Amino acid sequence: MLASVRTQPSTMFAATATAQPNIALVKYWGKRNADLNLPAVGSISVTLKVLQTRTRVQFDTFLSADSLLLDGKLQSGAELLRVQRFLELVRARAGRKLYAHVESDNNFPTKSGLASSAAGFAALALAATRALGLTLPQAELAQLARRGSGSAPRSLFGGFVEMHRGELDDGSDAIATRLLSEQAWPLAILVVITDSRAKRVGSSFAMEQSRQSSPYYGSWIAAQPADLASMRTAIAEHDFGRLGEIAEHSALKMHAVAMAAEPGLLFWNGATIELVHAVRQLRRQGTEAYFTIDAGPQVKVLCAKPDAERVLAELAGVPGVEKILRDEVGSGACVVEESR
Ligand code: DP6
């Protein structure tokens with residue numbers, strides 16, 4: 001049998017983008033439309049600087065299917081399907097029928113509740129559109145990124161960012177906007193890893209289970225506008241104590257909603273709880289530090305930059321802590337290479 005011979009050179013369109021994960025201070029938990037991935041609540045986050053995703057997308061006329069290399073491993077199944085579905089949206093928008101090879105690398109543990117999907121889909125939205133020659137307005141890019149992951153639009157921006165729930169059925173107002181630049185309020189953010197293995201339950205599934213069965217879901221949704229308003233004020237006034245109190249309350253409420261689902265969802269391990277106590281103990285001793293926890297057992301701790309070393313040393317001594325990544329407020333997603 002003859003080996004197939006390429007008679008024409010392939011045509012490639014490639015771009016690479018970077019994006020940083022973001023940490024929600026007022027949490028997103030619940031969807032108002034699962035198909036369009038429309039959030040049931042708005043949310044407010046802070047974008048990180050050191051933790052980063054780097055994604056290269058190469059559309060190629062010779063490819064006959066999409067492929068995904070995530071942290072050096074070729075993906076199949078749900079992970080690949082999620083990216084394929086996303087690339088379909090990009091192809092439809094660009095009016096091109098080209099398949100792509102996507103390579104994405106995280107400098108932090110993937111899928112362990114460190115917002116890898118937020119950074120991943122922010123970088124993918126940017127790289128894939130730019131590879132096909134599209135420079136989308138921020139609002140449209142945010143809508144696209146949201147289809148990949150509800151928290152991804154927040155990683156398009158640096159600093160403090162609000163993701164709007166939106167009211168419209170088509171989701172055109174469910175976008176992110178920046179509240180404060182990364183330079184305006186420098187804070188330290190410590191990412192305390194208690195288990196770097198991939199989590200067992202994904203956010204989408206857990207949110208849906210919460211919506212369907214948690215008796216607290218309705219009150220969670222009803223209270224969100226007040227939390228968002230208080231957080232906007234705290235950010236505008238650089239009121240760290242208020243920001244921290246609202247952030248802790250939002251995280252605990254989100255987890256309470258999930259725990260009360262049937263069957264109950266519990267993302268924490270023993271070290272997660274010990275860390276919550278350690279942060280509160282630090283506050284009793286006069287160091288302003290606040291925790292937040294996403295859909296995994298890691299704990300993120302916010303404090304003033306001059307306090308970071310002391311807080312880090314204290315938390316490193318908590319049994320069960322694997323490692324602590326030191327981060328700060330960073331910038332939004334950006335394109336780092338394009339070739340056409
Ligand atoms: C707990 O954005 O990962 O981190 O839209 O289903 O992809 P999907 O969910 P995702 O959920 C993030 C949930 C959270 C809280 C937050 O980041 O606001």
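Entry 1, helix packing. The model is predicted. I looked up helix 1 (residues 77-94) against helix 3 (residues 138-148) and got an angle of about 155 degrees, with the axes 9 Å apart. Angles over 145 degrees count as roughly antiparallel, so helix 1 is roughly antiparallel to helix 3. The crossing of the two helices is right-handed.

I then listed who makes the contact. Helix 1 contributes R82, F86, L89, V90 and R93. From helix 3 come E140, L144, A145, R147 and G148. By type, I noted five nonpolar residues, one polar and four charged in this contact.

Which residues have the most contacts inside the largest nonpolar core? I found V57, F59, F86, L87, V102, L124 and L156, in a core of 43 residues. At least two residues of this core come from each of strand 1 (12-19), strand 6 (53-60), strand 7 (67-70), helix 1, strand 9 (99-106), helix 2 (116-131), helix 3 and strand 10 (160-163). Helix 2 supplies the largest share, ten residues.

Leaving out residues up to four places away in sequence, F86 touches F121, L124, A125, L144, A145, R147 and G148. There is also a second, separate core of 28 residues, and V46, V191, L243 and I246 are included in it. As background, nonpolar side chains tend to be buried together in soluble globular proteins.

I looked for a cis peptide bond and noted one joining E262 and P263, with omega about -5 degrees. P263 sits in the loop between helix 6 (240-259) and helix 7 (270-284).

Next I checked for positive phi in residues other than glycine. N37 has a phi of about 50 degrees and is not a glycine. N37 lies in the loop between strand 3 (31-33) and strand 4 (38-39). Is N37 buried or exposed? Its relative accessibility is 7%, and the cut-off for buried is under 20%, so N37 counts as buried.

D71 also has a positive phi, near 50 degrees, and is not a glycine. I placed D71 in the loop between strand 7 and strand 8 (73-74). With a relative accessible area of 27%, D71 is partly exposed.

Notes. Residues numbered from 1 in each chain as written. Predicted model: local features only at pLDDT ≥ 70, side-chain atom pairs only at ≥ 80, totals over all residues. Heavy atoms only, no water. Axes fitted to C-alpha atoms, helices over the stretch in contact; angles between N-to-C directions. Helix = DSSP H or I, 4+ residues; strand = E, 2+ residues; numbered from the N terminus. Parallel < 35°, antiparallel > 145°, perpendicular 65-115°, else oblique. Left-handed = near helix turned anticlockwise from the far one by under 90°. Contact = heavy atoms within 4.5 Å. Nonpolar A, V, L, I, M, F, W, Y, C, P; charged D, E, K, R; others polar. Core = buried A, V, L, I, M, F, W, Y, C linked by side-chain atoms within 4.5 Å. Buried < 20%, exposed > 50% of the residue type's maximum accessible area, 1.4 Å probe, protein only.
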